[in-house]
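Please look over the sequence and the model below.

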Amino acid sequence: MLELVKGESQGIRVGPRWPSSKVLIEQNTFNKMVETQSMLPPSVRLLIVRGYESKSSNLGVFRLLSRWFGVRLFCTLYPKRKNEVTDIFGSNGHDVDGTHVDVSVVLNGKRLRFLPFGVFTSLTRQEAVAAQHLVVINKVKDALRQCGFEIHQNQTESMQIHCDYKG
Ligand SMILES: [Zn+2]
């Protein structure tokens with residue numbers, strides 16, 4: 001398992017999601033990220049924000065608590081989207097091993113934020129933001145798929161590009 005801190009590693013940006021200060025990722029999964037990056041134009045950079053997080057760590061406990069509050073807020077905001085709670089608030093494998101990664105995209109040095117309000121961003125808002133950068137998003141997702149990553153099928157999860165390395 002590799003431990004990445006904020007900054008850059010082999011051409012890949014690393015920006016651990018708050019409150020974490022590092023990203024843990026399987027070596028071969030990271031190698032595949034580097035391969036994915038090599039397929040993209042220089043103006044497009046991958047930014048790894050989340051990898052393995054142990055359930056029993058402080059971070060794991062923090063995620064559990066934010067999940068508890070998050071689910072309640074989400075269901076209040078979007079009562080019709082209760083069926084998405086598991087996809088959005090489940091750990092999606094992050095507490096299993098370092099092959100589950102959340103990736104962001106940096107375009108011309110600027111991070112693209114498709115979820116200005118995190119997972120609480122409405123689907124309409126997500127689509128509006130994504131529409132401006134559809135070409136780039138599709139390029140990144142295609143490259144990830146070609147390198148053996150599977151992208152989460154839930155729209156919100158796929159916007160904060162949650163992907164699993166399948167080999
Ligand atoms: Zn994820």
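The zinc ion has three protein donors, His 94 (NE2), Asp 102 (OD) and His 162 (ND1), at 2.0 to 2.1 Å from it. Donors are N, O and S atoms within 2.8 Å of the metal (3.2 Å for Na, K and Ca), and sites may look incomplete because water is not among the atoms. The model is predicted, so local features need pLDDT of at least 70 and side-chain atom pairs count only at pLDDT 80 or more, while totals for chains, interfaces and linings use all residues. Residues are numbered from 1 along each chain as its sequence is written, and side-chain values use heavy atoms, with hydrogens and water left out.

- Along the chain, the donors of the zinc ion are spaced as H-x7-D-x59-H.
- His 94 sits in the loop between α3 (85–89) and β6 (100–107), and His 162 in strand β9 (residues 162–165), so the pair ties together parts 68 residues apart in sequence.
- Helices (H or I, at least four residues) and strands (E, at least two) are DSSP runs, numbered from the N terminus.
- His 94 is buried at a relative accessible area of 2%, and His 162 is buried at 0%.
- Buried means under 20% relative accessible area, exposed over 50%, and partly exposed in between (1.4 Å probe, protein chains only).

**Helix α4**

- In helix α4 (residues 123–131), the buried residues are Gln 126, Val 129 and Ala 130.
- Viewed down the axis of α4, these buried residues fall within an arc of 95 degrees (taken from the directions from the helix axis to the C-beta atoms), so they line one face of the helix.
- Thr 124 and Ala 131, on the other side of α4, are exposed.
- The cover over the buried residues of α4 includes α5 (134–146) and α6 (155–159).

**Overall fold**

- The protein has 6 helices and 9 strands.
- Its radius of gyration (over C-alpha atoms) is 15 Å, close to the 15 Å from the globule rule (2.2 Å times the number of residues to the power 0.38) for 167 residues, so the protein is as compact as a globular protein of that length.
- Of the 167 residues in the protein, 49% are buried.
- Contact means heavy atoms within 4.5 Å; among contacts between residues at least 6 apart in sequence, 64% join residues at least 24 apart.

**Cysteines**

- The structure holds 0 disulfides, a disulfide being a pair of cysteine sulfur atoms within 2.5 Å.
- Cys 163 is buried, with a relative accessible area of 0%.
- The closest cysteine sulfur to that of Cys 163 is in Cys 147, at 10 Å, too far for a bond.
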